[in-house]
Amino acid sequence: MRTSIYFLNVNIQDGFTLLLVELYEIPFDACHELLQTLRRNSYRTTNKKAMSTSIRILDGGLGTDLFINGGYNKDTLNDDPLWLSRVTYENPSAVKNSHMRFIEAGCDIITTGSYQASVAGYMEHAKLSREQAENVIASSVDIARKAIDESAAERKIYIAGSISPYGAILHDLSEYTGSYIDDTSYEKLRDYHFTNVHLLASKGVDMLAFETLPALKEALVLVDLLKQYPNCKAWISFTTKDGIHTSYGDPFVEVFQTLAKYPQVFAIGSNCFDSNLTKTMLECAKKSISSHQKCIIYPDNWKCANEVVKSSPLLWLPEIKEWLDTRMVSIVGGCCMTTPININQIKKTVRDWEQSY
Ligand SMILES: [Zn+2]
């Protein structure tokens, strides 16, 4: 009797998507020898190959770059209830130029200038109509595409549609505490987030960035909305004060276990937080994320906040290799106070680590 075994060769093509590329039929007699060879050689070789293409560099602080390199006043920008989204509306070229600086610095993913953008915010603080506000939010994807088109980059650059938490439009830093979570219903959060998720997903972004979230409750609203766009994937990134809980107080292990059930969520992690908490957060993730997920890390560089300039050092640069040693991280970038120069430093550090592996 002739017996066969089918051997699947799966290749990680772009770091985000698993593609089945080959299917072999192997005679049973050859299986034993093949499996012995795989045990000896293939695991290490395959992992090394995957590692060389799987860690992506995210951009840095778009708002930070606007006052470091874009001529904006830091205090004026930070005091504006529309923050970055004011610039997306009034001066799209400035946002495009910021994207281009991060692309030139070596990032693989740029996030759209839609953080803190909302229809209600534009209507109240920029006196736009609903239709105009929606057009501006959608235009953040066009701005990112234009930046990619005008850049000299020959590598693939991905666009992540930035979705900020409800707390961001409250403009009271409550995305770092979750103080609004108890008093804001699931339905209210869903109604608020629906428009931006719809506008950005409909523009065909490569992924959505659900970022700076303080609580699981809001993350679940977003992943439920994401189901309406089955071809869209997302990362979910939380704020934290201790590396063990979200800033609202949800235990990361439970949060990640819950989010492991969502196939569209390809990465989870933290942003806009103290880099010293990264290893603790990764320990929580190690116990709870799904095999289809990796971690995303983009801390702030607030320790440089008062004196940040073009050449400010990235204080957590030496820590990155330890994060990568966990083999759990697929995206590294920077949040507030990280500059294009810092992103270039991150890229070199990541590529050095890959070479040494
Ligand atoms: Zn930040």
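The buried residues of helix H10 (residues 216-226) are covered by elements that include strand E5 (158-163), helix H8 (166-170), helix H9 (186-202), strand E6 (207-213), strand E7 (234-238) and helix H11 (252-259). Helices (H or I, at least four residues) and strands (E, at least two) are DSSP runs numbered from the N terminus, and contact requires C-beta atoms, placed from the backbone, within 7 Å. The residues of H10 concerned are Leu-216, Glu-218, Ala-219, Val-221, Leu-222, Leu-225 and Leu-226; a residue is buried if 20 or more other C-beta atoms lie within 10 Å of its own, exposed if 12 or fewer, and partly exposed in between. The model is predicted, with local features requiring pLDDT of at least 70 and side-chain atom pairs counting only at pLDDT 80 or more, whereas totals for chains, interfaces and linings use all residues. Residues are numbered from 1 along each chain as its sequence is written.

Strand E5, one of the elements covering H10, is itself mostly covered, with 6 of its 6 residues buried. In a regular strand the side chains alternate between the two faces of the sheet. In E5, Tyr-158, Ala-160 and Ser-162 point one way, and Ile-159, Gly-161 and Ile-163 the other. Strands are taken to pair if DSSP finds at least two bridges between them. E5 pairs in the parallel sense with strand E4 (residues 109-111) over 3 bridges, and Ile-110 stands opposite Ile-159. E5 also runs parallel to E6, to which 4 bridges join it; here Ala-160 stands opposite Met-207.

Helix H9, also part of the cover of H10, packs against helix H7 (residues 130-150), the two axes coming within 9 Å and crossing at roughly 45°. H7 is therefore oblique to H9, since angles under 35 degrees count as roughly parallel, over 145 as roughly antiparallel, 65 to 115 as roughly perpendicular and the rest as oblique. Axes are lines fitted to C-alpha atoms, for helices over the stretch in contact, with angles from 0 to 180 degrees between N-to-C directions. Glu-134, Ile-137, Ala-138 and Val-141 of H7 make the contact with Thr-195, Asn-196, Leu-199 and Leu-200 of H9. By class, this contact comprises 5 nonpolar, 2 polar and 1 charged residues, where Ala, Val, Leu, Ile, Met, Phe, Trp, Tyr, Cys and Pro count as nonpolar, Asp, Glu, Lys and Arg as charged, and the others, Gly among them, as polar.

Overall, the protein contains 14 helices and 10 strands, and 45% of its 357 residues are buried.

Conventions:
Contact = placed C-beta atoms within 7 Å.
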